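This report describes a pocket, a helix and several individual residues of one protein. The sequence and the model are shown first.

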Amino acid sequence: MARRSAVGRGRDTAVVEETAAPGRALAASADPWDLPERGRRGSGGGSRGGGRWGGSGGRWWVWVGRAVLWALILVILVNGIRAPFERFTADDTPSAGGTESKAPKGAGFPTSAAGAFALQFANVYLNFDQKTAPAREAQLRTFLPDGADAQYGWNGVGKMQVQSVQVAGVDARDASNATVILLARTADRWLRLAVPVYADRSGSLVVSARPALLPPPTKAQLPGDGVQDRDTALETELQPFLSTFFTEYANGNQAALSRFSNGTTIAGLARTVVFVQVKEVVAPKGPGGSRTVTATVVWQPAGGGGGELEQSYQLAMVKKGTTWLVQDIRGTTQPDAS
């Protein structure tokens, strides 16, 4: 042990320093986290351990802090790139229900009101007579914009009359504009009329331009040739049963009809017709316990002066034991059923 002179240290007391062993001195000098000489002399008496920084434990927390910082930076960058992309593609992405998020074309247009409005207009527009032209002019004012031609394109000559007018459809272009398609029947032909209608925000309507005549609907061709594989034995079996059933169906006898039905209520026609015959029964092959058949029935309408009408019915039949019963009766959709 050696004593160093305290001269030149001012108020500092002399410090007894022990010469360190060579191995310890080397270890202390190799530690990069050791504080310099002054840092080791703290206010608490300058003990060697009081001025050190925690060694390798402190370095671990530094790396954890850096990792959290970089993770936060990456999250901010990813969200910053993704958000504008999602806004850009939002209009083209279907919603969770599989439907488009955009409102359908013509949403908000008063379709029903415009159809009724155009129908009333057409009943005035398509009926004219040069003897009553002033009356037609007065009626048209209700439908036309201010300043429009009083007769809306009619030259005031001749006569025309339609028997009936019906709304065939409304093509709404947007919330304010639509074209109403009408079907009109004259004495010898069909007419199809396109009427442009404008609707304002209050719901008021006006014919916005002159109508246009379009070709009438074309006649469709039915697919196939009706039932191909018929059960002729069942058709023969059902003929007398259905003759009795339709007799009671014409009368509307509820008690009698209940004997022919499979627990369902069948109202009948309450003597509005007189049964003539079941002209044909068409039954496709199928399961033995149930079948859907088509029957062509001949009626005489009450007060029709002996006139007859052939009509087709679709009947859902079920078999109870050896007896067929009617489960349901309605008009048929079967092409060429008979």
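The residues that line the second largest pocket comprise 11 nonpolar, one polar and one charged. In this classification Ala, Val, Leu, Ile, Met, Phe, Trp, Tyr, Cys and Pro are nonpolar, Asp, Glu, Lys and Arg are charged, and the others, Gly among them, are polar. The lining of this pocket has 13 residues in total, with Tyr125, Leu126, Phe128, Met160 and Leu213 nearest the centre. Two or more lining residues each come from strand 7 (190-199) and strand 9 (212-214). The second largest pocket holds about 150 Å³ of space. A pocket is an open set of points on a 1 Å grid over the protein atoms alone, where a 1.4 Å probe fits and protein lies on both sides within 12 Å along at least five of seven lines; lining residues have an atom within 4 Å of a point. Grid points are joined across faces, edges and corners, and the volume is the space filled by probe spheres set on the points.

The model is predicted: local features need pLDDT of at least 70, side-chain atom pairs count only at pLDDT 80 or more, and totals for chains, interfaces and linings use all residues. Residues are numbered from 1 along each chain as its sequence is written, and side-chain values use heavy atoms, with hydrogens and water left out.

The protein has seven helices and 13 strands, taken as DSSP runs numbered from the N terminus (helices: H or I, at least four residues; strands: E, at least two). Of its 338 residues, 26% are buried. Buried means under 20% relative accessible area, exposed over 50%, and partly exposed in between, with a 1.4 Å probe and protein chains only. Of the contacts between residues at least 6 apart in sequence, 48% join residues at least 24 apart, a contact being heavy atoms within 4.5 Å.

Buried residues of helix 6 include Leu234, Leu238, Phe241, Leu242, Phe245 and Tyr249. An α-helix has 3.6 residues a turn, so residues three or four places apart point the same way. The buried residues of helix 6 pack against helix 7 (254-258) and strands 10 (273-282), 11 (290-301), 12 (309-320) and 13 (323-331). Just after helix 6, Gly252 has a positive phi of about 75°.

Thr244 also lies in helix 6. Its C-alpha atom is separated by 9.6 Å from that of Gln277, 33 residues apart along the chain. In strand 6 (residues 177-185) lies Ile181, whose C-alpha atom is 8.6 Å from that of Ala118, 63 residues apart along the chain. Beyond residues up to four places away in sequence, Ile181 touches Gln166, Val167, Ala168, Gly169, Arg192, Leu193, Ala194 and Leu214.

The loop between helix 7 and strand 10 contains Ala270 and Arg271. Phi is positive in Ala270, near 50°, and in Arg271, near 60°; neither is a glycine. Accessibilities are tabulated below.

| Residue | Relative accessibility | Class |
|---|---|---|
| Ala270 | 57% | exposed |
| Arg271 | 60% | exposed |
| Thr244 | 40% | partly exposed |
| Ile181 | 17% | buried |
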